[in-house]
Amino acid sequence: MSTVTLTFENAIAFITINNPPINATSHSVRAGLVDALVQIDVNDDIRAAILICDGKTFIAGADVSEFGQPPKAPILPDVIKRLEATTKPIIAAIHGHALGGGLEVALGCHYRIADNKAKLGLPEVNLGLIPGAGGTIRLPRLIRVTEAVAMITSGKPISSTKANEIGLLDAITHGALRDAARDFAQTVLDREMPKPLLLRDPVTPPSTADWNDITAATKKKARGQTAPLVAISAIRTGIEQGSDTGLSHEREKFVELRDSDQSKALRHIFFAERSVAKLPELRGIEPNPLKQIGVIGGGIMGAGIATASLLAGYNVTIIERDEDACANGRATVEKHLSGSLKRGLINQDRFDARMATLSTSTDYAALANADLVVEAVFEDMAVKHEVFDKLSRHCRPDAVLASNTSYLDINEIAANCVNPNRVIGLHFFSPAHIMKLLEVVRTDKADAKSLATAFSFAHALGKIAVPCGVCDGFIGNRIMSAYRKHCEYMLEDGALPHQIDAAMVEFGFPMGLFAMQDMAGLEISWATRKRLAPFRDPSERYVALGDYLCETGRFGKKNGLGWYRYDENGKAQPDPEVDALVIAESEKKGITRCDFTHTEIMDVILGAMRDEGDKILAEGIANNADAIDVVMINGYGYPRHKGGPMFMTT
C-alpha cells in the first residue's frame, strides 16, 4: 500500500499519509507528497486540499534511520517549498503530534487546523539538532519571535490550545478532525491565497539587548549543549539577513550538528530509553490487569508513588501506622496534586476525581483487592520483613508485591513471602511523582508475569523503566557510591567540596555531588555506611568526613549546615569550617595535599563510573551498557548530551 494516497470529495482533495507508526517523513512519503501536489495543481476541478494522516498521529518527525545516509531527493526542505508553491490552498489537519519535520510540513501549508488534544513542537534540540527544513525561518514569521525561540530552544511540544492562542493554528476543533477540516476548507475557497511564510516579515523581533538576554538565558539552561545556541543563531540570521540566507544557514548548521559528537550521544540515549525495557523473555507475556494499587508508607517517597499512581488513573490505598500518619500522607498527596493543578497539568474535575480514589488505612486488610502493592517504609530489613509478612497474609496470592528499597537485598525479602515469585523491586527516585527513572529489580525467583506487570505499571506511570538484578544499590546507587568514594579520596588528597562540585557543574551536571548530598540529607548515606560497617574490608581506604559532619549535627540543607553553609534563602556557600576539617583530616593521615584541575577531577569521577559499570555488566546486574547510561542520565543528572558514562568509552 502506498504511504501517500490522494482522494477527492467534490472540489476538495485529501492527501492522506499512512506510514506507521509515526508517519515519519521517509523518502516514500516525501516523493508521494510531491506527486500528489503535482496532480492537484493540474486538476482544475480541485480548489483546495487537506493534508491529513491515518493512524494515531500527524507527522511526528523525520525518519531517523535515514541519518548518516546520502540524502535522497526530494529532500524535505524542497518538499515544503513545493507545498508553499502549490496553486491551491493546502490545509494541514493535525491530530496526535506534529513534531519536527511534521510541524515544518504544516508550516509549509497555507492553513493549519488541529483537534483539541494535539501537540505541536520542534524537538530537534533533544537530538542535538536544529530544525533543518525551514522551521527556524518560517515559525518566527507566523508567531512572535520570542515564542518561536522558546519552542525551538526548549524542544518542548505545546498543546493545540496554546498553539491556537499564539497564532500557530488557524482553528481548533473538538469534533471529528476530517469533517472540521472539510468545513474549514469551504470557508477559504474564495479567499485570496495567503502569502507563504518565507515572504512574510518576522513577528515582533527582539531588540539587540533582548537578543543578548535570550542568548544568556538559553546558555545557562543548555549547560554545555550546543544545539539550543545554534538554534538562536539560525533564527536571528533568518530575521536579520532574510529568508534565503537563513535557509542556507539553517541547513548548513543542521548538517554540522547531525555529524557532531553531541548529536550522536543524544541519539544514542534517545534509542536506549526506548529499547532498554524490551526484554526478549517477556515477549508475548500478558501483564496482570491493574486497577487497585497499594502503597505502604505515606512519607515523602510513599506519597510520591501514590501521587504518580493516581495521576495514571489507578485507585490507591495508603497503609500507615496510625491515623495521624494516614492524615499526613493524604495531605502530602493532596499537595502534590495541587501542584499539578496549579501548573495546568490537570483540571479541577480531574483533581477532585483523583482525590476521591485515594483511601488510607491502618489495616492491611484494606489491601485485599489490591493488584499491586509498593512498600516504601524505612530502610531496615526487620521492618521490611514485618511489612511483607502482613502483605503475604492479607493480599491476594496473585498480587504483585514490590519493595522500593534503595539498597537492601530483595531476594532476602522475597524468601520470607508466600509466593516469592511475585516479589520484585520497584526503585523509584525522589520525588517519585516527577522523576522519570524507575529501576525494576528482578529477584531470583520473580516470574515473567510479575515482571511484565511491573513494566506495564511503569509504562502507565510514564516512567523510563530499567531492568536490573539484585545487588547493593542496584545500578544507579551502586555507581554513585563508587564515584562518591573516589570524590572523598580526592578530598583527603587535596580537593575541597566546592571545587569538586564546580568541576561537575562545568561538565554538565545540574549540581555537584556534595551539594546533591546536602539536598538529599546527609543522614541517609550515613545510615547506609553504618549498616555496611560490619562488612567493610578493614584494608579498604575509608574516608570518615561525612560521618564527622553528621556527628556534629550537620545533616545538609534541611538544617542549614552540611558540606556547605546555607543562608536564610537556602543559597549554599563554601564553609571555612568544613574546609578546615578536610585539611585537618589529610594532616592527621599524613597525606600531602595537591591541587586538582577540573579536568583531573572529572577524569577520576568518570573513571570510577565506568569501572563500576564494567563490574555491573560482568555480574549481569545490568543487561547492557545502555541500561547504565539511561540510569545515570535520568536519575543522577549525568549530562544528556554526553550520552552516559559507558557511551563515552566507545
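On a 1 Å grid laid over the protein atoms alone, a pocket is an open set of points with protein on both sides within 12 Å along at least five of seven lines, a cavity is a set of points where a 1.4 Å probe fits but cannot get out, and lining residues are those with an atom within 4 Å of a point. The structure examined in these terms is a predicted model, in which local features need pLDDT of at least 70 and side-chain atom pairs count only at pLDDT 80 or more, while totals for chains, interfaces and linings use all residues. Residues are numbered from 1 along each chain as its sequence is written, and side-chain values use heavy atoms, with hydrogens and water left out.

The second largest pocket is lined by 25 residues, among which Ser481, Ala482, Lys485, Leu532 and Glu540 lie nearest its centre. The space in this second largest pocket amounts to about 740 Å³, where grid points are joined across faces, edges and corners and a volume is the space filled by probe spheres set on the points. At least two lining residues come from each of α18 (476–493), α21 (522–532) and α24 (598–618), and α18 gives the most, with nine residues; helices (H or I, at least four residues) and strands (E, at least two) are DSSP runs numbered from the N terminus. By class, the lining of the second largest pocket divides into eight nonpolar, four polar and 13 charged residues, with Ala, Val, Leu, Ile, Met, Phe, Trp, Tyr, Cys and Pro counted as nonpolar, Asp, Glu, Lys and Arg as charged, and the others, Gly among them, as polar.

One cavity of 30 Å³ or more is counted under the rule given above, and the largest cavity has a volume of about 50 Å³. The residues that line the largest cavity are Glu84, Leu107, Gly108, Cys109, His110, Arg112, Pro194, Lys195, Pro196, Leu197 and Arg200, a lining made up of five nonpolar, two polar and four charged residues.

For the protein chain, the secondary structure comes to 25 helices and 19 strands. The radius of gyration of the protein chain, taken over C-alpha atoms, is 28 Å, close to the 26 Å that the globule rule (2.2 Å times the number of residues to the power 0.38) gives for 650 residues, so the chain is as compact as a globular protein of that length. Along its principal axes, the C-alpha trace of the protein chain spans about 85 × 60 × 45 Å.

Strands of a sheet pair through backbone hydrogen bonds, in either a parallel or an antiparallel sense. In this model, an open sheet with mixed pairing is formed by six strands in the order β1-β2-β3-β4-β6-β9, two strands being taken as paired if DSSP finds at least two bridges between them. The edge strands of this sheet are β1 (4–9) and β9 (171–173), each of which pairs on one side only, and the twist averages 20 degrees from one strand to the next. An antiparallel pairing over six bridges joins β1 to β2 (residues 12–17), and within β2 the bridge partner of threonine 7 is phenylalanine 14. Helix α7 (residues 177–188) lies across β1, β2, β3 (48–53), β4 (90–94), β6 (111–115) and β9, and runs at about 155 degrees to β6; contact means heavy atoms within 4.5 Å, and axes are lines fitted to C-alpha atoms, for helices over the stretch in contact, with angles running from 0 to 180 degrees between N-to-C directions.

A further open sheet with mixed pairing has three strands in the order β5-β7-β8, with β5 (97–99) and β8 (158–159) as edge strands that each pair on one side only. Strand β7 (residues 119–121) pairs with β8 in the antiparallel sense over two bridges, and the bridge partner of lysine 119 in β8 is serine 159. Helix α3 (residues 101–108) lies across β5 and β7, at about 90 degrees to β5.

Proline 20 and proline 21 are joined by a cis peptide bond with omega of about 5 degrees, and proline 21 is found in the loop between β2 and α1 (27–42).
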